Amino acid sequence: MSATAEVLTSPAARRYVESLRGPYRDDHVRLEPSGCVLLSKVTADVHRILDFAVRPDDVWLVTFPKSGTTWSQELIWLLMNNCDVEQAKQVPLIHRFPFLEITSLMPEFTRNMPHSIDHVERMVSPRLIKSHLPLDQLPKQIKTVKPKVIYVVRNVQDAIVSFYHHYQLWGDCDLTLDQFAECFMDDLIMYCPYWDHVLPFWNLRNEPNVLFYSYEDMKKDLASVIRRVAIFLQKTITEKQVAQLVDYLSFDKMRDNPAVNYDPVVEQLRADYKLQPLPSSTKFMRRGQVGEGKQVLSEDIQRRLRQWTEAALQGSDYTGPR
Ligand code: PPS
């Protein structure tokens, strides 16, 4: 184990890992320099990622998991590619808009593909790159080369609910939703601590190379977000194209689009780990709603999440969703 990671050994951390089956059942480690929790298998690539060569014309999409990443990836790719929906339908998103650390995290995901870091290194510019890593765990050159960076945030309660279902989809997890939320507040779950992920990008939101918006913004007025992203990417888009994209990026269309809905990968991965087949209603594109956390988390957990959020946001001018 490299000096860049410390294994989480508390009884709570052990119980959490033992509740998992599938690709996420691995020792969890706290990475340096960010303090981000990830699977121990990622440690091998930490230095390679930190020293990764950034190009000035890259577009980086950075999010905490379950915050509208896939939705934003498809939107950004289409804006960068003249709204070519035919090509978008034909080529899986992972090839068009790779996820930097996916092979490090879940090697099975890229079984018949190059390592995701190699893939990104070999891409022709302008590259579109997804990552869930927090700012201090991303390539150091992000801060000096200053490529375009888009950060998307989502109401933390809804992100927790979506993440819980993500764990039931890409593996199995014996915890209840409330127990999962407790582990989330205790920073036992990968990519936590949550607010340490969001706030550094919030603090950069007025930098010319950074665009910060929310899942809730997309739900409220997708056309406005499309126009904002187009301006940021310096792409011209007609109102007719905006209307086409709003339709193409609707939840129902994306749920039924195999290029973005991950159905084939989930099925293969569950088979690899000999996990029970899931009911056909359990999907990556699941609900796509705002406010589910308030309906399904217990009152007690919601109260504790509010207190936990208040404490984390002390001294910050953060006004995004929480
Ligand atoms: S991941 O695994 O971190 O990349 O997940 P991510 O793509 O960030 O988030 C998945 C959630 O986004 C929802 N989603 C959408 N909502 C509304 N409209 C569209 N088009 C859309 N596409 C994806 C997806 O359903 C997940 O949210 P939940 O709440 O689980 O449904």
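The legends below describe close-up views of a predicted model.

In this predicted model, local features need pLDDT of at least 70 and side-chain atom pairs count only at pLDDT 80 or more, while totals for chains, interfaces and linings use all residues. Residues are numbered from 1 along each chain as its sequence is written, and side-chain values use heavy atoms, with hydrogens and water left out.

**View 1. Helix α11 against helix α18.** Helix α11 (residues 194-203) and helix α18 (residues 299-313) have axes that come within 11 Å and cross at roughly 45°; axes are lines fitted to C-alpha atoms, for helices over the stretch in contact, and angles run from 0 to 180 degrees between N-to-C directions. Helices here are DSSP runs (H or I, at least four residues), as are strands (E, at least two), numbered from the N terminus. The angle makes α11 oblique to α18, since angles under 35 degrees count as roughly parallel, over 145 as roughly antiparallel, 65 to 115 as roughly perpendicular and the rest as oblique. Tyr 194, Trp 195 and Leu 199 of α11 make the contact with Trp 308, Thr 309, Ala 312 and Leu 313 of α18, where contact means heavy atoms within 4.5 Å.

**View 2. Helix α10 against helix α18.** Helix α10 (residues 177-185) packs on α18 at an angle of about 15°, with the two axes 11 Å apart, and that makes α10 roughly parallel to α18. From α10, the residues Asp 178, Ala 181, Glu 182, Phe 184 and Met 185 meet Ile 301, Arg 304, Leu 305 and Trp 308 in α18.

View 3. A polar side-chain atom of Arg 154 lies 3.0 Å from an oxygen atom of the ligand, and an N or O atom in the side chain of Arg 286 is 2.9 Å from a ligand oxygen atom. For Tyr 215, a polar side-chain atom lies 2.8 Å from a nitrogen atom of the ligand.

**View 4. Backbone details in loops.** The peptide bond from Ser 125 to Pro 126 is cis, with omega near 0°, and Pro 126 is placed in the loop between α7 (116-122) and β6 (128-131). Cys 192 and Pro 193 are also joined by a cis peptide bond, with omega about 5°, and Pro 193 is found in the loop between α10 and α11.

Methods:
A polar contact is a pair of N or O atoms within 3.5 Å; within protein, one must be able to donate a hydrogen and the other to accept it, and residues adjacent in sequence count only if both atoms are side-chain atoms.
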